[in-house]
Amino acid sequence: MLVDTPQSKGQLIWHYLWQNRLSYSLAILFIFLVNLLQVEIPLMVKTTIDLLSGDISQNHDALLNGIFMIIGASMVMIVIRILSRMFGLNPGRFVEAQLKNDLFAKLNRLTDGFHSKNNSGKLISIINNDITGIRLFFGIGFMSMFNIIFALSLTPIYMWRISPSLTLYCLLPIASAFIIYRFGFVQLRAMWTARMNSLQNLSEQLVHFLSGMDVIKAEFMDDWVQQEIAQSNQKLLDVTLKIQRIQVFILPILNYANEVMKILILGLGAVLVSKSELTVGEITAFLSYSVMLAMPFMSLGRILSVLQMGMASLKSVMTILNAKVDPTNLLRLSAEETQSIKRSTLSVKNLTYRYDNNETNELTEPTLKNISFELPQGKKLGILGSIGSGKTTLVNCLNHLLDLEAGCIFYGAQDITQYSRHDWHKQVRTITQEPYLFSATLTENVEFGSKNNELNPNTAGQHLSVAQAIEAAQLTNDIKRFSNQADTIVGEKGIMLSGGQKQRVSIARALYTPADILILDNVLSAVDYETERAIMGELNNKLVDRSLIVVSHRISALQDMDEILVLKEGEIIARGKHQQLLKDSAYYKQTWQLQQSEQQNELQNDQEANS
Amino acid sequence: MNKSGSKTDLNKPTKSDWQILFTFWQYAAKYKIYIIIGLSSMPFSLAANLLFPWLMIKIIDEQLMTGQLEQLPLMLMYMSGVLVMNYISDAIYSYSLRLVGQRSIFDIRQTLITRIVKLPRAYFDKTPTGVTLSRLTSDLESIGDSFVLGVLGIVKDTINTLGLIIFLYLINWQLATVILVLFPPILIITKYVSHKLRGLYQTTRSSLARSTGYLQECIRGITTVQLFAAESEVEDKYKSLTDEFLHAQVKANVWDATLFSVVAGITTIAMALIIWTGSNLVLSSAVSLGVVIAFINTLEKIFVPIREFTSQITEIQRSFAAFEHLNELFNEPLEETGQDLYSENEIGDQLDTFVSIDFKQVSFRYKSSDPYVLNNVSFSLKQGRQLALVGTTGSGKSTVMRLLTKTYEGYEGSILVNGLELSNIPKLKLSTLFTMMQQDVFLFEQDVSFNIGLAKVDQAAIVKAAKYVYAHDFIESLPAGYNTVLTSGGDQLSAGQKQLISFARAMTSGGQLMLLDEATSSIDSVTESLIQKALERVFQERTVIAIAHRLSTIRESDQILVLEAGEIIERGNHDELVETKGVYAGLLQEELV
């Protein structure tokens, strides 16, 4: 539910408080009882001490009675205290878990526009590090807050009953210490945020280097990496030490106020006792209360920083939670609706796309200009183009990864921007140039995307098994060589596999959970020609009635398509079938020849070398 | 219990806590001077802690009970003086030792980075980035927060508590014994609960690491997740990992709460016991009322530290898990450890210029449980020659490269570089001989110049290399030319442009043997033809081992090896292989179609 509506910090806090209302109510009740017992016990001690300073032999039974009362109260307090801590601390953990899931769900619904601006290291650091601050906020933060509230209201009342004037004197050191504390705390607040940022920068840097470890190792860049890390590490150390200075030199002042109070109680108490306005037992009770009055202030020291940290963390978490999600992206088609839009014609009408230029805000040259074509269900479309021709941009428009304006791409009669990305991606499956695999078994990687996704049988009413999908992707022989065959764990981002193997796993993935339209974006670039041909053949066999869009710079992968679009600088400069294009398009022909004829290639090189 | 525990630990592969801590001690030992300053302020702190209750007894017994208040102002001044001393000595103690802790963490992080860079490829294959990241961040954070502060607290509290107990014994042994009697039950409970907590924290840490790793994978692959409409699938899995963490954590909370509350309860029970014992002693005038009151007030000073002690223990427990994780990382064998490497003298100038490579009956598998990916492969390459590897994906081509660069080790047979056994050559020595053009292009978040020259060569050399591979023109056309900073892995570049940069990078490295792995794979034909020209030049001027899908690239190679399932099935130059009409000729035919 947090996914759809942006919220203020207050609403967010309230949302999670309300979610855990039962725990919190019980915690408040038990915390109150603990505090009540805590102020009652010194009164019992007072009675016994006064009995001690009188004639003990006379009051033996009363003394024994008092002692048993203290022991009994202690026992009850143990049980209540356990309950108060359980119910007080658990919500922190519940919120932590809930928020993690909420954040993850939110990130999944945010589009490329958000993710390209926020790198993954930063997002991960928010979920991992900032959430700790929030957990403490909702757990120990709230629990201690109630503790403090009850302690600070009950203790002074009990003290006042014994001696109003002594109570007022006791508040003096506490109040002045608290002013010093506040001074330190204001500084601390800024530094916590600074520290969080340094830590986040360091994490981002580390993720970056870890993912480039191969290059770093191969090029012996140890020293450089170490220096780069040392800079961020030093920044983190500096700000940490500043925080520690405040914690060591300023915050403890509050603790010493407790001892100052004891000196006051003894000094003034002695005067009052000599005037018989106070008993020794009452002094003892007062000494106990002084601790009880100082303790909440002490934990206030800790808790205010916890709350502050939590607020800082909430702020950074809200950059994710409140990022705007296009409301259509939250729509979900029903099963019938999904069924009814199947097998429609994909039509692109005058699609023009330009990337936002954040820095200058100027209108940049469009990457795609006036692209129009139709792809009836079951037809095969090829797209040929060089670097910067807009191939991948076109693919990312078709699969709606990029933010589109309405009125350009239609599926049947419906504009695809009217569907959520999720629903649309069930119709269109894209296999990207750099396939992404999870560190899981090969089988799990092939099955990826099939759960919660009604398997989409082909017209013959059947779908492929994992083994069949692997076979069709020409992976069977490779898998035989793996230690656990299809149960081999392929490592993060498919690190155990070669580029070509990764691409074929992603093909198997597409075949296992096929959609009505399959887009292959330069997928077979790392696969040799023989395998490429076999895979194209399998795709044609297994996906007879589905639409296929193949993007490539290799004509060999495109020549059997029903239509080929030739893209150059964002425009379709030629279209048609292979044979026709060889006649019509000089560019197509040139590319074909470059790929075809080695001799011509060589000749060109020689000419260039001579000139 | 402790002793027998450590004995059995010796048989396990894991070290005991003390052994682990000892290995980390060296980092703190560097800052001895601060440790000495911090520790030498301790006696003052202890003295202040004992003088305070002593002065209290004096005031109660000599002023309060008697009503003679002449000495009272003086006594109160003494007490205030004691407080000031306490503040100063405590501050010096805490700050100097926290300084040691934070500086050590800084050093450990730097050492770890150095180490991680030297770990073999196999480590990165089996360890998700998220796990390594959490070693360097959250584990070290936990040591800074939990261990350093926990230990500082415990050391101080232990000394103060011991001092107090001795002090109490000197005043009155009966009352002191009442307090002491309560120690064993508290210690037993503490020990038992800490044991429970420890196991739970181990579980929470490992499930946290797994959920972090998974989260990271999903976020980095968010496009894939979205394109496969797999949002709910990954969310379900992530939720199950989060729940696992939550459950262990909630269990830990219960134990934590029990420990805290029981110890707090015992403190008040102790009060009752002291009053009871005290009543008999006061009756027999063996003890003054001031002493009883002081004892009751000192209880806080003994039992609160013990209660803190338990929460500090919990904190430290938490950090032990982090220490164990770091220790694992420190125990990961580095590349080239335990290997018999040639010394500088033995190598002399033998590796200054590249002469030859000889593969003799080389076989290799990635793990001992895996099938062989290379089987009895033999070939040789002399300076100035070119060798091309051809074969389907998975035929073992890339493995040959990985063995040569010592990315993976443990081959069978013999690989000689300039006549020296490769496994005995330090990796660093190879860097001047070999230049590898990586299959996956990684770009640093630095400018283009850095990404080409890697801060090793000057700008002129960078531009020269870029021109050499025809990358110069497109680089100039970038917003800031060579100074354009590439963000998030070079998103602003196309796959082909990234490869051009990687190619230029390989050219600046100055290795005498170029290793090209699928270098021209995903570049469109027009750009590829430019690269072809550069490649031709490289093939003429350098010694090359190339893996290429374009057979045109390797046509001029002196030797072409055709690999299949880890074995060489054909070898010869282009013309010879065409003659043979075997696999190579078939591939050539296909490419022409």
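Predicted model: local features only at pLDDT ≥ 70, side-chain atom pairs only at ≥ 80, totals over all residues.
**View 1. The open sheet of chain B contains four strands in the order E2-E1-E4-E5, with antiparallel pairing.** Strand E2 (374-382) and strand E5 (420-421) of chain B each have a single partner strand and stand at the edges, so one side of each is left without a neighbour in the sheet. Within the sheet, strand E1 (residues 356-364) of chain B pairs with strand E4 (residues 412-417) of chain B in the antiparallel sense, over five bridges, and B:Lys360 is found opposite B:Ser414 in E4(B).

**View 2. The largest nonpolar core comprises 321 residues, of which A:Ala508, B:Val292, B:Val469, B:Ala504 and B:Leu515 touch the most other members.** Helix H10 (residues 280-321) of chain A supplies the largest share of this core, namely 21 residues. Another core, of eight residues, lies apart from it and includes B:Ile92, B:Tyr95, B:Leu99 and B:Val100.

**View 3. The surroundings of A:Ala508 are drawn from chain A and include A:Val446, A:Ala469 and A:Ile470.** When neighbours within four places in sequence are left aside, A:Ala508 is also in contact with A:Ala473 and A:Leu475.

**View 4. Chains A and B meet through contacts between 134 residues of chain A and 132 residues of chain B.** On the side of chain A that touches chain B, helix H3 (residues 60-109) of chain A gives the most, with 22 residues. The residues of that side of chain A divide into 63 nonpolar, 51 polar and 20 charged.

How values were computed. Residues numbered from 1 in each chain as written. Chains lettered and ligands numbered in written order. Pairing = 2+ DSSP bridges. Helix = DSSP H or I, 4+ residues; strand = E, 2+ residues; numbered from the N terminus. Core = buried A, V, L, I, M, F, W, Y, C linked by C-beta atoms within 7 Å. Buried ≥ 20, exposed ≤ 12 C-beta atoms within 10 Å, placed from the backbone. Contact = placed C-beta atoms within 7 Å. Nonpolar A, V, L, I, M, F, W, Y, C, P; charged D, E, K, R; others polar.
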